[in-house]
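The following report covers salt bridges, nonpolar cores and selected local features of one protein model. The sequence and the structure come before the text.

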Amino acid sequence: MWTMEQLVERVSAALAAEYPGAPNGRVRELPDRRSIRWYTTIGLVDRPLGTRGRTVLYGPRHLLQLVAIKRRQASGRTLAEIQEELSGASEETLAEVARIPGSLLEVPAAAAPSPARPDFWKAVPADPEPAPGSARRALAEAVAALEVESAPPPAHHPQTLVTGVPLGGGVILLLPRHVTEVDRDEIAAAASPLLDLLAARGLTDGRSE
């Protein structure tokens, strides 16, 4: 999987060979973060495969979709025409339009981390095992059984992650899990009618963010 920056680099490499550029001066030569999020919102590009920490990750299908969009824009197609042709298209169709070298579609395998070697100087030496039938062993077994019987049940302390998403006007949406940058953009767009209602009722601080 690739980060957004790595994805854009592969788009650039795929278009370097035979790409005359978009005839419309308002169309970017290469997609940026904003345009990739917009393509995702309108269904031209799939949602990210997942996240690594706070980093959004993409795969080969996203590369096919972005390059296919750029090639169609270079041929003079409008975004509406491209949506009609490529939204939900199969990978075979996307590959035929994008014409990407196979080497750019390869995803490098993640190297497995080598196991950490224990710090031998930090290891606590174990107590010698008492000999079977000795008084010391009998006493140790009796103490262990008493500890098990008297030990209280472990307490359960559920932890809830709460993420705040600013919507503007001092309004913050609280969610019970982590959200990505794509989620934030889509939530902000969907919350516009709610913010208008809250502002009309005087329930915001009147500031835009």
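E5 and R33 form a salt bridge, with 2.3 Å between the closest N and O atoms; the term stands for a side-chain nitrogen of Lys or Arg within 4 Å of a carboxyl oxygen of Asp or Glu. E5 lies in helix 1 (residues 4-15) and R33 in helix 2 (residues 33-41), so the pair ties together parts that are 28 residues apart in sequence. Helices (H or I, at least four residues) and strands (E, at least two) are DSSP runs, numbered from the N terminus.

The model is predicted: local features need pLDDT of at least 70 and side-chain atom pairs count only at pLDDT 80 or more, while totals for chains, interfaces and linings use all residues. Residues are numbered from 1 along each chain as its sequence is written, and side-chain values use heavy atoms, with hydrogens and water left out.

**Salt bridges**

By the rule above, the count comes to five salt bridges. Two of them involve E85. The closest N and O atoms of E85 and R72 are 2.9 Å apart. E85 lies in helix 4 (residues 79-86) and R72 in helix 3 (residues 60-74), so this pair ties together parts that are 13 residues apart in sequence. E85 also forms a salt bridge with R77, with the closest N and O atoms 3.0 Å apart. As a general point, side chains of opposite charge can pair when their charged atoms come close.

The table lists relative accessibility for residues in these pairs. Buried means under 20% relative accessible area, exposed over 50%, and partly exposed in between (1.4 Å probe, protein chains only).

| Residue | Relative accessibility | Class |
|---|---|---|
| E5 | 42% | partly exposed |
| R33 | 36% | partly exposed |
| E85 | 30% | partly exposed |
| R72 | 18% | buried |
| R77 | 35% | partly exposed |

The buried residues of helix 2 are S35, I36, R37, Y39 and T40. Their cover includes helix 1, helix 3, helix 4 and helix 8 (181-190). R37, placed in helix 2, is buried at 17% relative accessibility. Leaving aside residues up to four places away in sequence, R37 touches E181, V182 and D185, where contact means heavy atoms within 4.5 Å.

Just after helix 2, G43 takes a positive phi of about 90°. I42 is in the loop between helix 2 and strand 1 (50-52) and is partly exposed, with a relative accessible area of 22%. I42 touches L79 and Q83, again not counting residues up to four places away in sequence. The C-alpha atoms of I42 and S87 are separated by 8.8 Å, although the two residues are 45 residues apart along the chain.

**Nonpolar cores**

A nonpolar core is a set of buried Ala, Val, Leu, Ile, Met, Phe, Trp, Tyr and Cys residues joined through side-chain atoms within 4.5 Å. Which residues of the largest nonpolar core touch the most other members? Of its 27 residues, these are Y58, L63, L66, V67, I69, L86 and I100. The elements that give two or more residues to this core are helix 1, helix 2, helix 3, helix 4 and helix 5. Helix 3 gives the most, with six residues. A second, separate core has seven residues, including V165, L167, A191 and L195.

**Other local features**

R99 is in the loop between helix 5 (91-98) and helix 6 (102-105). Its phi is near 55°, a positive value in a residue other than glycine. R99 is partly exposed, with a relative accessible area of 42%.

On the surface, V162, I172 and L174 form a nonpolar patch with about 310 Å² of accessible area together. Patches are made of residues with over 30% relative accessible area and no salt bridge; like charges are joined within 9 Å, and nonpolar side chains (Val, Leu, Ile, Met, Phe, Trp, Tyr) within 5 Å. Accessible areas come from the Shrake-Rupley method with a 1.4 Å probe, and for residues only the protein chains shown count as cover. I172 is in strand 4 (residues 171-175) and counts as exposed at 53% relative accessibility.
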